[in-house]
Amino acid sequence: MRQTVKDLLGRTIFASGLDAALLRNAAVIVAFHRIQETVEPDDGLTVSLRMFERHCRFFRRHFRVVPLREIVEKLERGERLNRELAITFDDGYRDNFDNALPVLEKLSLPATFFVVTQWMGTEVVPWWDAERGIRHPWMTWDQVRALHRKGFDIGPHTRTHADLGRFSGADAEGEIVGARRDLERETGASADLFAYPYGGAEHLSEDNRALVKAAGFRCCCSCVGDVNPAGTDPFHLERIAVTPLHQSPHQFGFDLALGRSRINA
């Protein structure tokens with residue numbers, strides 16, 4: 001019942017244009033992980049392919065969907081924001097290429113893919129998948145390069161999905177700088193957009209944020225779960241994770257417009 005009410009209220013907010021007032025002079029960055037045909041009940045990282053397309057159509061209808069770097073550039077120049085929304089993906093799962101890419105191309109939507117560089121093309125099973133006894137394949141480097149050729153931005157997500165709230169010194173620098181070098185070597189293109197793993201405020205120390213800046217990145221993305229008003233420091237960008245908890249795009253829109261997205265991140 002609660003989800004139905006949120007869906008109805010979300011529809012009202014966006015149909016009336018109230019969202020324009022609630023979200024004025026701000027930008028939204030959303031984060032996905034896996035996009036698959038079906039979703040297991042205990043899988044909090046996967047959004048169904050059908051729901052992903054519904055979200056993308058909602059974004060295209062109600063926001064200015066732009067590459068993440070366009071938001072970063074506006075913030076760097078101190079410009080006003082105008083309901084921009086950037087789509088991002090974390091980790092580098094193969095279904096991003098197989099399932100999400102065709103939807104993005106069909107709807108002509110840009111996106112940024114943050115990949116764990118030392119996992120691409122391997123059979124590494126991260127602890128959160130190992131706990132569920134499953135393995136989801138990673139993209140190959142050929143697929144990562146294909147995304148770049150198609151015009152999508154690729155950014156590093158560290159080399160091994162390290163918790164940068166716990167790593168420090170040379171270990172942290174290796175994860176941050178090494179990931180950028182890996183990505184630039186494999187794609188032949190500059191990689192200046194960064195998202196740190198896990199995404200909570202406690203998962204990145206200020207010393208490591210300084211390492212991100214020193215490495216030549218232009219932004220640092222969390223997954224804390226809020227909008228980014230004009231004047232936001234590009235090295236403190238917040239993203240909203242889209243999960244199966246969002247049972248409709250308008251429910252997501254309700255949480256977003258009313259400032260409740262942090263609860264569902």
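This is a predicted model: local features need pLDDT of at least 70, side-chain atom pairs count only at pLDDT 80 or more; totals for chains, interfaces and linings use all residues.

Colleague: How many bridges join E1 to E5, and do they run parallel or antiparallel?
Modeller: There are six bridges between E1 and E5, and the two strands run parallel.

Colleague: Noted. Which way do E1 and E10 run, parallel or antiparallel?
Modeller: Antiparallel, with two bridges joining E1 to strand E10, residues 228-229. Ala26 stands opposite Pro229 there.

Colleague: And E11?
Modeller: Strand E11, residues 240-241, is joined to E1 by two bridges and runs parallel to it. Val30 has Ile240 as its bridge partner in E11.

Colleague: Why is E1 described as largely enclosed by the rest of the structure?
Modeller: Because seven of its seven residues are buried. Ala26, Val28, Val30 and Phe32 point one way from the strand, Ala27, Ile29 and Ala31 point the other way, and all are buried.

Colleague: On to packing. Which residues touch the most other members of the largest nonpolar core?
Modeller: Val30, Phe32, Phe52, Phe59, Ile87, Phe89 and Leu104, out of 50 residues in that core. Elements giving two or more residues to the core include helix H1 (2-16), E1, helix H3 (49-62), E5 and helix H5 (94-106). H3 gives the most, with six residues.

Colleague: What is Leu104 in contact with, leaving aside neighbours within four places in sequence?
Modeller: Phe52, Cys56, Ile87, Phe89, Leu109, Ala111, Phe113 and Phe152. There is also a second, separate core of 15 residues, with Val66, Ile71, Leu75 and Phe114 among them.

Colleague: Changing topic: which residues of H7 are buried?
Modeller: Trp141, Gln143, Val144, Ala146 and Leu147. H5, E6, E7 and H8 are among the elements covering them. After H7 comes Gly151, with a positive phi near 100°.

Colleague: Last one, Asp163. Where is it found?
Modeller: In the loop between strand E7 (153-156) and helix H8 (169-187).

Colleague: Is Asp163 buried or exposed, and which side chain of opposite charge is nearest?
Modeller: Asp163 is buried, and the nearest side chain of opposite charge is Arg166, 4.7 Å away.

Colleague: What does lie by its side chain, then?
Modeller: A polar atom of the Asp163 side chain is 2.9 Å from the backbone nitrogen of Gly165. Beyond its neighbours within four places in sequence, Asp163 is in contact with Tyr198 and His203.

Conventions:
Residues are numbered from 1 along each chain as its sequence is written. Side-chain values use heavy atoms; hydrogens and water are left out. Helices (H or I, at least four residues) and strands (E, at least two) are DSSP runs, numbered from the N terminus. Buried means under 20% relative accessible area, exposed over 50%, partly exposed in between (1.4 Å probe, protein chains only). Lys and Arg count as positive and Asp and Glu as negative; His and the chain ends are not counted. A salt bridge is a side-chain nitrogen of Lys or Arg within 4 Å of a carboxyl oxygen of Asp or Glu. A polar contact is a pair of N or O atoms within 3.5 Å; within protein, one must be able to donate a hydrogen and the other to accept it, and residues adjacent in sequence count only if both atoms are side-chain atoms. Contact means heavy atoms within 4.5 Å. A nonpolar core is a set of buried Ala, Val, Leu, Ile, Met, Phe, Trp, Tyr and Cys residues joined through side-chain atoms within 4.5 Å. Two strands pair if DSSP finds at least two bridges between them.
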